[in-house]
Amino acid sequence: MSHFMDVHHGMNDITAEQLREAHQADLAIENEEGVHFEKAWADPQSGTVYCLSEAPSADAVQRIHERAGHRADEIHPVPLTV
């Protein structure tokens, strides 16, 4: 399994509750693609949301996000961590 950081744009003024709800929507179906969403962060002013996941592929991450109603604009592999 690999780690991925995905980025969503255009989520201006997102609240903590909205971020939590979006994250919960991913968690509710993540097992269907073998994905685990570990954490989500947001910058309400810029409208940028970041999600860290462990998954078999970027495509699996995108399928979960699409089904949950918030397609990722970018998905980046994260091969190194410290």
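Visitor: How far apart in helix H1 are Glu 17 and Arg 20, in helical turns?

Guide: This is a predicted model. Both residues sit in helix H1, three residues apart. That spacing means a separation of about one helical turn.

Visitor: What is the distance between the closest N and O atoms of Glu 17 and Arg 20?

Guide: Side chains of opposite charge can pair when their charged atoms come close. The cut-off for a salt bridge is 4 Å. Glu 17 and Arg 20 form one, with their closest N and O atoms at 3.4 Å.

Visitor: Is Glu 17 buried, partly exposed or exposed?

Guide: Buried means under 20% relative accessible area, and exposed means over 50%. Glu 17 has 41% relative accessibility.

Visitor: How many residues apart in sequence are the parts tied together by Glu 32 and Arg 67?

Guide: Glu 32 forms a salt bridge with Arg 67, with the closest N and O atoms 2.5 Å apart. Glu 32 lies in the loop between H1 and strand E2, and Arg 67 lies in helix H2. The pair therefore ties together parts separated in sequence by 35 residues.

Visitor: Which class of exposure does Glu 32 fall into?

Guide: Exposed means over 50% relative accessible area. Arg 67, at 47%, counts as partly exposed. Glu 32 has 53%, so the class is exposed.

Visitor: Which residue forms a salt bridge with Glu 66?

Guide: Glu 66 is partly exposed, at 41% relative accessible area. The closest N and O atoms of the pair are 3.0 Å apart.

Visitor: What is the volume of the largest cavity?

Guide: Rolling a probe the size of a water molecule over the atoms shows where empty space is left. With a cut-off of 30 Å³ or more, the count comes to one cavity. The volume of the largest cavity is about 70 Å³.

Visitor: Which element supplies the largest share of the lining of the largest cavity?

Guide: Helix H1 and strand E3 each supply at least two residues of that lining. The largest share is four residues. It comes from H1.

Visitor: How many charged residues does the lining of the largest cavity have?

Guide: The lining includes His 8, Met 11, Asp 26 and Cys 51. By class, six residues are nonpolar and three are polar. Asp counts as charged. The number of charged residues is one.

Note on methods
Residues are numbered from 1 along each chain as its sequence is written. This is a predicted model: local features need pLDDT of at least 70, side-chain atom pairs count only at pLDDT 80 or more; totals for chains, interfaces and linings use all residues. Side-chain values use heavy atoms; hydrogens and water are left out. On a 1 Å grid over the protein atoms alone, a cavity is a set of points where a 1.4 Å probe fits but cannot get out, and a pocket is an open set with protein on both sides within 12 Å along at least five of seven lines; lining residues have an atom within 4 Å of a point. Grid points are joined across faces, edges and corners, and a volume is the space filled by probe spheres set on the points. A salt bridge is a side-chain nitrogen of Lys or Arg within 4 Å of a carboxyl oxygen of Asp or Glu. Buried means under 20% relative accessible area, exposed over 50%, partly exposed in between (1.4 Å probe, protein chains only).
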